[in-house]
Amino acid sequence: MRAVGTILVLVVLATVVATGARRLRIPAPSLLVLAGLGVALIPGTPPLHIAPQTIALVVLPPLLYASAEDLSMRDLRLVWRPVTVLALGLVLASAAAVGVLAIAVTGLPVPMAFVLGSVLASTDPVAVTALGRRLALPGRVQVLVQAESLFNDATSLVLFKVAIGVAVAGTAVDWPHAGGEFLLLAGGGSAVGAAVAAGVAVVRRRTADPVLETVIALVTPYTAYVLAEGVHTSGVTAVVVAGVVLGRSGYKLSDARIRLQLQAVYGVVVFLLESVVFAIVGLELPTLVRDLPGGTSWWPLQALAVAALLIGLRILWMLPLTSVVKPVGGAASWRVAAVVTWAGTRGVMPLAAALSIPLVAADGTALPGRSLVLVLTTAVVVTTLVAQGLSLAPLVNRSGIALEPEHTAREEARTRRRLAGVGLEHLDQLADLDAAPTAALEQARRALDARLQHDQQEPGEQGQGHGQGGGSVLAAYRQIRREVIALQGGELRRLYEQHEISDTTRRHLQYDLDREESALAEGP
């Protein structure tokens, strides 16, 4: 009962703080971490102990799935080479560098030093997505940091398992076995995720019930995660692959009404889970510090040294890669490298990995350095979420690579005119063929003209019949509007695939088309 009460208090606290963060235009993860840290420091606050299985199984799958669904496949095709280099090379380099530094400045045993390195080697997709959601980054830059954080899990997870095996059993590293394990985790997880996505797609094509569709969407990430973990592959990779595949074909699997409902439901789920989990990060740190043994009072400086090393190594690694994602005619590569570096924070996944470190070694003795690894991991996570999170938006604005609001507005307006033109061409064809009532065609034309003139009427309100011609005209009008919306949706996807519009514009206008179609279905 106490655990349930704690969760309810966290939900209320996180909701209040996240709402305030939006009004103050402060990144919610950063403010939530600070709020959790502040609450934990209040005298009398009970210690918080979260099982790693709770975070890994309950919290991560839907957050990873939502982030993967938002990933632009078009832009991912353009940046897959730097994403691969970062997901493999930078993770290995970061783990090695942190391990060496930990040996030098923390006194950790060599195996535990590299456990720390493997835990902190990769960026966190939950934090990266949450921090970058409101930034006007160019598509390639946004996809680079988001895709890197989604796909570097297999590398860091293999390193973590190898380092844990050495620390617990005291055996030497078997690199051929580690390579095979990497292929199993990455390849097996990808196969499970693709299989789950294919199965879900078959079911959703045969389902028109909004409630059932919503349930399927909510259980899909959990299904992928549990199945992958059950066959000893990467559950995180399976969730990411399932999200990417289904995100690409989602518009084919459901109608507008269901898509709008899914967006609303997932928006609530993601908001609640993100809010609670970042508050937990702040709440955990004081509890872990209290459990530290004597002689470890230098942990704040050690954590700062590790965080500085990760940031410095990341920016050096980014410099030769950013020419691939440099905006055309945009800022210098070093500015792009600085933004991409600062956007890559540590977050929930390193904390979950650190919490899963065994308590004892193979001989039954306490695993040396475990508590210090937990504290350093959490401190680095808090440091990056707060320092990088609070300064990321100003850095993006100063870098000159951010998209101006006027640029996005012009692109949307130009695309709206193009879509209205497609609709008007279809109406002209119907009129030439005398394939629809004249009154219905005129109503549809007035609705599209209103769009061209930036009419402020809500979607679906333009020309709903006004009693002209009775029910037959109204039915014909709705059928015409559905045909027009279908053509506009196809044109929108064509413009996106041909790189004429951004992913942001595509999503905004698809949302508007879905609202129009849904309003037509709900009309009298």
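The legends below describe close-up views of a predicted model.

**View 1. The largest nonpolar core.** This core has 121 residues. Leu108, Met112, Val115, Leu116, Phe278 and Ile357 are those with the most contacts inside it. Helix α12, residues 256-290, supplies the largest share of the core, 14 residues.

**View 2. Surroundings of Val115 in the largest core.** Val115, one of the residues with the most contacts inside this core, touches Phe160, Ala163, Ile164, Ala167 and Ile357, leaving aside residues up to four places away in sequence. Ile357 is also listed among the residues with the most contacts in the core.

View 3. A separate core of 24 residues includes Leu419, Ala444, Leu448 and Ile501. Leu419 and Leu448 also line the largest cavity.

**View 4. The largest cavity.** Of the 2 cavities of 30 Å³ or more in the structure, the largest has a volume of about 140 Å³. Two or more lining residues come from each of α17 (405-433), α18 (438-452), α19 (470-497) and α20 (503-522), and α20 gives the most, with 4 residues. The lining divides into 5 nonpolar, 1 polar and 5 charged residues. Among the lining residues are Arg416, Arg451, Arg481, Gln488, Asp512 and Glu516.

**View 5. The second largest cavity.** The volume here is about 40 Å³. Ala40, Thr45, Pro46, Pro47, Leu48, Leu283, Thr287 and Arg290 form the lining, with 5 nonpolar, 2 polar and 1 charged residues.

Technical notes
Residues numbered from 1 in each chain as written. Predicted model: local features only at pLDDT ≥ 70, side-chain atom pairs only at ≥ 80, totals over all residues. Heavy atoms only, no water. Core = buried A, V, L, I, M, F, W, Y, C linked by side-chain atoms within 4.5 Å. Buried < 20%, exposed > 50% of the residue type's maximum accessible area, 1.4 Å probe, protein only. Contact = heavy atoms within 4.5 Å. 1 Å grid on protein atoms, 1.4 Å probe; cavity = no way out; pocket = protein on both sides within 12 Å on 5 of 7 lines; lining within 4 Å. Points joined across faces, edges and corners; volume = space filled by probe spheres on them. Nonpolar A, V, L, I, M, F, W, Y, C, P; charged D, E, K, R; others polar.
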